[in-house]
Amino acid sequence: KSNPIITFEKTVINTDNSIIYNPEDEIFYTLKIKNSGDDFAKNIEISDLIPSNLTIISAQNGNISGNQITWNNLNLSQLSSLAPNENIEIQIRCKINNTAVQGTQISNQAILNYQNSVQILSDNPNTPALNDATIFVVTETANITFTKTVANTNNENIFKPSDIVDVFFRLVNVTLFILQVS
C-alpha cells in the first residue's frame, strides 16, 4: 500500500542571521513540510499559535487572527496535494516584544493535519528529540551611552597646565539589562 510520509520542521533565526535575540529584533520562523512517502499527502492544514512575547509582522500566505496563523489549500494551493519527494517552505516574520527581558525563553510549535485525520507536531531539527518545540532565549545585550565632559573651574575655555578641572562622566543604560560598573 502506498502512503505519504510527512516530516514537519520548524526553525528560527534572527533576521541578521545571528543567534542573538534582543527585544525589538525581528526573527524568521521557517516551516518546512516534506513528503518522503510514495503517495500524495492531501488536505494539509497548518496552525501556529505565536507566543505572546512576539508580534507577527507577516506570514507567507497565512491567515492571521490575533496571534494565530493558519494555512490550508484556500490560502496556499500547494497544501491541497503534496506529491512524493515534494517539499514546501513557509516563512513567518515576527518582532520580539520589548517586554521580553534577558533570559525569557520563547517556545513555539506548529500543528499540521493531513488526510483529514493525521496530526503532526513541528520538530526542531537542531535537537535530537523528535517533535519538540523550537525554542530560543532572549539574550538582551546592554545598549549604553557614555559621555565624558571636562570643564575648567575658572570658567575659561582655555586650559593651561596648572588649571584645576572638573571631569564629569555620564553613563546611560537604555535597556533592562543590569550593568555593573567598576
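**Strands, rings and a nonpolar patch**

The structure holds one aromatic pair, where rings of Phe, Tyr and Trp (its six-membered ring) pair if their centres lie within 6.5 Å, and planes under 30 degrees apart count as stacked, over 60 as edge-to-face and the rest as tilted. The partners are Y21 and F136, a tilted pair with 4.3 Å centre to centre and 35° between the planes. Y21 lies in the loop between β1 and β2 and F136 in strand β13, so the pair ties together parts that are 115 residues apart in sequence. Strands here are DSSP runs (E, at least two residues), numbered from the N terminus, while helices are runs of H or I of at least four residues. Both Y21 and F136 are buried; buried means under 20% relative accessible area, exposed over 50%, and partly exposed in between (1.4 Å probe, protein chains only).

This is a predicted model, in which local features need pLDDT of at least 70, side-chain atom pairs count only at pLDDT 80 or more, and totals for chains, interfaces and linings use all residues. Residues are numbered from 1 along each chain as its sequence is written, and side-chain values use heavy atoms, with hydrogens and water left out.

In a regular strand the side chains alternate between the two faces of the sheet. Strand β13 (residues 134-137) can be read in this way: T134 and F136 make up its covered face, and I135 and V137 its uncovered one. Strand β10 (residues 105-108) runs antiparallel to β13 and is joined to it by four bridges; two strands pair if DSSP finds at least two bridges between them. Within this pairing, Q105 has V137 in β13 as its bridge partner.

Strand β9 (residues 87-96) also has two faces, with I88, I90, I92, C94 and I96 on the covered one and N87, E89, Q91, R93 and K95 on the uncovered one. Nine bridges link β9 with β2 in the antiparallel sense, and K34 stands opposite N87 in β9. Strand β5 (residues 54-59) is likewise antiparallel to β9, over five bridges, and S58 has R93 in β9 as its bridge partner.

A charge over a ring is found at Y29, where K10 lies over the face of the ring at 4.3 Å from its centre; the criterion is NZ of Lys or CZ of Arg within 6 Å of the ring centre and within 35 degrees of the ring normal.

Two loop residues have a positive phi without being glycine. E24 has a phi near 80°, and this residue sits in the loop between β1 (6-14) and β2 (26-35). With a relative accessible area of 40%, E24 is partly exposed. Q115, with a phi of about 60°, belongs to the loop between β11 (110-114) and β12 (118-121). Q115 is also partly exposed, because its relative accessible area is 30%.

On the surface, I144, F146, V150, F159, V165, V167, F169 and L171 form a nonpolar patch with about 730 Å² of accessible area together. Patches are made of residues with over 30% relative accessible area and no salt bridge, with like charges joined within 9 Å and nonpolar side chains (Val, Leu, Ile, Met, Phe, Trp, Tyr) within 5 Å. A salt bridge is a side-chain nitrogen of Lys or Arg within 4 Å of a carboxyl oxygen of Asp or Glu, and accessible areas come from the Shrake-Rupley method with a 1.4 Å probe, where for residues only the protein chains shown count as cover. β14 (144-152) and β15 (165-173) each supply at least two residues of the patch, and β15 gives the most, with four. F169 is in strand β15, and this residue counts as exposed because its relative accessibility is 57%.
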